[in-house]
Amino acid sequence: MGFDQYHEPPEELPPATRTFARLCASLTEEAEAIGWYEQRLAVEPDPMAKEIMRDAQGEEFKHFSMDLEFLLRRTPIWREIAEGVLFQPGDIVEHGEEAEAETNEGGESGDGVSDEDRSGSLGIGGLMEAAR
């Protein structure tokens, strides 16, 4: 099994960065699985098989969404841009350009790494508090 999500020597990367890379790889894998199921569903004639594949694709949607939420919680600049694009009516590209411009004007450092990630903390206490 390869670990090609790393572009720098893994042993030199802090734990939070390695976790981030793992979740990015997982997000990509979930997106691929969603696409594969979409293709299978498009050609499958058997209704029961389609029902099973739809259910499996739903699991992939859930996993993709969980991976994305984890990454967005750890990357404030990404979250800010995503909030300007996701679930907005109208032109997607226009929303993307506006969100990026607004975020850049807001004085972000540009690296997108939260103080929590810089410390290497997994932030479990903060997540537990947010859930209450």
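At what angle do helix 2 and helix 3 pack, and how far apart are their axes? In this predicted model, the angle is about 115° and the axes lie 5 Å apart. The protein chain is built from six helices and zero strands, so here's a quick tour of that helix pair, two individual residues and the parts to treat with care.

**Overall picture**
- Reading along the sequence, you get the pattern α-α-α-α-α-α.
- The protein chain has 132 residues, and 25% of them count as buried.
- Its accessible surface comes to about 9400 Å², with 57% of that belonging to carbon and sulfur atoms.
- Take the contacts in the protein chain with a separation of 6 or more: 48% of them link residues 24 or more positions apart.

**Confidence**
- The protein chain averages a pLDDT of 85, and 78% of the residues score at least 70.
- Helix 2 (residues 47–74) is where confidence is highest, at a mean of 98.
- At the other end of the scale sits helix 6 (residues 124–131), where confidence is lowest, with a mean of 44.
- Residues 108–112 stay under 50 in pLDDT, and the model gives them nine contacts beyond four places in sequence.
- Residues 114–132 are also below 50, and this stretch has 15 contacts in the model beyond near neighbours in sequence.

**Helix 2 against helix 3**
- Helix 3 covers residues 76–85, and its axis is 5 Å from that of helix 2.
- On the helix 2 side, the contact is made by Leu68, Glu69, Leu71, Leu72, Arg73 and Arg74.
- Helix 3 brings Pro76, Trp78, Arg79 and Ala82 to the contact.
- Sorted by class, that contact has six nonpolar and four charged residues, with no polar ones.

**Histidine 95**
- You'll find histidine 95 in helix 4 (residues 92–105).
- Histidine 95 counts as buried because its relative accessibility is 15%, and the cut-off for buried is under 20%.
- Leaving aside residues up to four places away in sequence, histidine 95 touches Gly84, Val85, Gln88, Pro89 and Gly90.

**Arginine 22**
- Arginine 22 belongs to helix 1 (residues 15–43).
- With 42% relative accessibility, arginine 22 falls between the 20% and 50% cut-offs, so it counts as partly exposed.
- Its contacts, not counting residues up to four places away in sequence, are with Gln5 and Tyr6.
- Arginine 22 and aspartate 67 are 45 residues apart in sequence, while their C-alpha atoms are 9.7 Å apart in space.

Methods:
Residues are numbered from 1 along each chain as its sequence is written. This is a predicted model: local features need pLDDT of at least 70, side-chain atom pairs count only at pLDDT 80 or more; totals for chains, interfaces and linings use all residues. Side-chain values use heavy atoms; hydrogens and water are left out. pLDDT is the predictor's confidence in each residue, from 0 to 100. Helices (H or I, at least four residues) and strands (E, at least two) are DSSP runs, numbered from the N terminus. Contact means heavy atoms within 4.5 Å. Buried means under 20% relative accessible area, exposed over 50%, partly exposed in between (1.4 Å probe, protein chains only). Accessible areas come from the Shrake-Rupley method with a 1.4 Å probe; for residues, only the protein chains shown count as cover. Axes are lines fitted to C-alpha atoms, for helices over the stretch in contact, and angles run from 0 to 180 degrees between N-to-C directions. Ala, Val, Leu, Ile, Met, Phe, Trp, Tyr, Cys and Pro count as nonpolar, Asp, Glu, Lys and Arg as charged, and the others, Gly among them, as polar.
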